[in-house]
Every structure is written in structure tokens, then in C-alpha cells.
Amino acid sequence: MTRVETIATASVGIAIAVLGLKAGAWWLTGSVALFADAVESVVNVAAALAALAAIRVSARPPDADHPYGHAKAEYFSAVLEGALIIVAAVLILHEAWGAWQAPRVLEGAAPGLLVSAIATGINAGWSAFLFRRGRASRSPALLADARHLLSDVVTSGGVIVGVALVALTGQAWIDPALAALTAVNILFSGWQLMRESVGGLMDEAVAPEALGRIRSLVATHAEGAIEAHDLRTRHSGRFTFVEFHLVVPGDMTVTQAHEICDRVEAALKAELESAVITIHVEPEGKAKHQGVLVL
């Protein structure tokens, strides 16, 4: 089992534990806002399971049917998580509307809020850890899980404050209003997740800053060549694909051209973790006098 798989497996266990705590907080208080918080934790469990499955699929090596590997499987997990968030939001809005029409008196607010606060603290710590590991391993599935947990922490904090206000003031309408706001917030979170994941499935290019760095590395380390043009990039899970045409002098030997390519590839792979580089060498007659001029 890889380190990323181990983390994803731990996420499942933590999500189940947090779900149990938040369901307990709802049971103690009868708060529809805490119900909304618990429903979001159900999504967390399903998303953690989907992330684990996607990570295991993406770790498979390339084969005859998938020569570029299986890294994009992680994006499907993120899309599924976004869809589950939308379903959860609809369920929460339905429950909130019922509670708005028939406000409920909260019971056992203090112990319920304490349990919810413990669950929120666990999510906050795990979200921070997932962000660090997700960025380090370039895992869309772990980063999607981290973003959703962070959103959960923010909404849970608001719910805790709101339910405390209900208990202190006796204003029962605050409870369903908070639940509705929670639903709207996680809808926005789901939309962001799906938008980013679809970008990955559509072979979205690297960020402008990263592209500028790639161009600079090619210009610096392709000494002996003339230019590089038709530079293209795309993300696929934790992999970054870079391809371009490298124009060299017509009298340069294959060995010399290959040495330049090796030098450029080494520089790019040192900068980009899990980079896949494709370089097409062309003679100087193919120069377009545009793209990346070699320094």
C-alpha cells in the first residue's frame, strides 16, 4: 500500500468516527442545523471511500489499454464528491423547510455542542494534514477531500455558534435558517470541486506561473539548440505532461541532440514532480522563430 493509499484509508476511518460524533450531537439536541452537519459527514464517508478506490485505481501502472496510466481516476472521485455534496444540500434544505414551518425546541444543547465541537476539531486537524500531503503527492483526490473537510469545519463552526444562540435566546427560527445557510455553502463547495475536476478531465494546461517556469528552464538548459516551439502542457492526476518541438542545427548529430534533450528533461523533472516529457527534435529548417528562444 502506498503512502497516499494509507492516508486515504485513514480518512475513511476518521470520517466514520466524525459521523458518529455528529449524529450523536444531533440526537442529543434535535437541532436541524446539527442534522445538516451530520448529513454532510455522511457525504464525507462516501467521498472518502470513493477517494480510496480512485487512488488505488490511479496507482496501477500503464497497460496495453491505458498506455498513459490511470491517474485520471482521481478526478472521477472529486466529481462524485461534488455530486454527493449537491444531493446532501437538497436533503438539508428539505429538512430545514420543515423545521422552519414547525420550529422545534432544542434539548441537551450543551452536551450536543460539546460533541459537535470535538468532531469539528478532528476534521480541522485532518484537513490541514490532507492539504499538506495532497500537495506533496499531487493527489486530486486527497486535495478534494481536504477542501471539503475545510468547508465542513467552517460550516460546523457557524452551526455551533448558531445553535448556542438558539439555546441562549430561545429563538427557534435561527436553527432552520442556519441549516439552510449550511446547505447553500456546501452547494458552492460542490460546484467548485466539480469545476476543478472537470478541468483536469479536459486536460487543462498548467497554471501561467508554472508555464513561465517551464519555458525558462527550456531556454536555459537547451544550450546548443536554436528554439523550442509548439509547447503544450496538461495535468493528469499527479502527473504533468509537457511536450514541445526542439529545433537544432542541421549538422548536429543525433547523439548531441539527444544529450540536449536529456539535459532539458532532467531540469524539468527536477522542477515538476511526476513529469512526463516528450520532445520532438527538428532541423533548423523547421524553425518558426517563435515560442522559446534558447539562451
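Val218, Phe244, Leu246, Val264 and Leu268 touch the most other members of the largest nonpolar core, which has 22 residues. Such a core is a set of buried Ala, Val, Leu, Ile, Met, Phe, Trp, Tyr and Cys residues joined through side-chain atoms within 4.5 Å. This is a predicted model, where local features need pLDDT of at least 70, side-chain atom pairs count only at pLDDT 80 or more, and totals for chains, interfaces and linings use all residues. Residues are numbered from 1 along each chain as its sequence is written, and side-chain values use heavy atoms, with hydrogens and water left out.

- Val218 is in contact (heavy atoms within 4.5 Å) with Ala228, Phe244, Val264, Leu268 and Val292, leaving aside neighbours within four places in sequence.
- A second, separate core has 16 residues, among them Val12, Ala48, Leu52 and Ala146.
- In soluble globular proteins, nonpolar side chains tend to be buried together.

**Helices α7 and α8**
- Helix α7 (residues 208-221) and helix α8 (residues 254-271) have axes that come within 9 Å and cross at roughly 145°. Axes are lines fitted to C-alpha atoms, for helices over the stretch in contact, and angles run from 0 to 180 degrees between N-to-C directions.
- From α7, the contact uses Arg213, Ile214, Leu217, Val218 and His221; from α8, the partners are Ile260, Arg263, Val264, Ala267, Leu268 and Glu271.
- By type, the residues of this contact are seven nonpolar, one polar and three charged. Here Ala, Val, Leu, Ile, Met, Phe, Trp, Tyr, Cys and Pro count as nonpolar, Asp, Glu, Lys and Arg as charged, and the others, Gly among them, as polar.

**Helices α1 and α2**
- The axes of helix α1 (residues 3-29) and helix α2 (residues 32-58) come within 8 Å and cross at roughly 165°. That makes α1 roughly antiparallel to α2 (angles over 145 degrees count as roughly antiparallel).
- Their contact residues divide into 19 nonpolar, five polar and four charged.
- Not counting residues up to four places away in sequence, Glu5 touches Leu52, Ile55, Arg56 and Ala59.

**A residue to look up in strand β1**
- Asp230 lies in strand β1 (residues 227-236) and has a positive phi of about 55° although it is not a glycine.
- Asp230 counts as partly exposed, at 35% relative accessibility.

How values were computed: Helix = DSSP H or I, 4+ residues; strand = E, 2+ residues; numbered from the N terminus. Buried < 20%, exposed > 50% of the residue type's maximum accessible area, 1.4 Å probe, protein only. Parallel < 35°, antiparallel > 145°, perpendicular 65-115°, else oblique.
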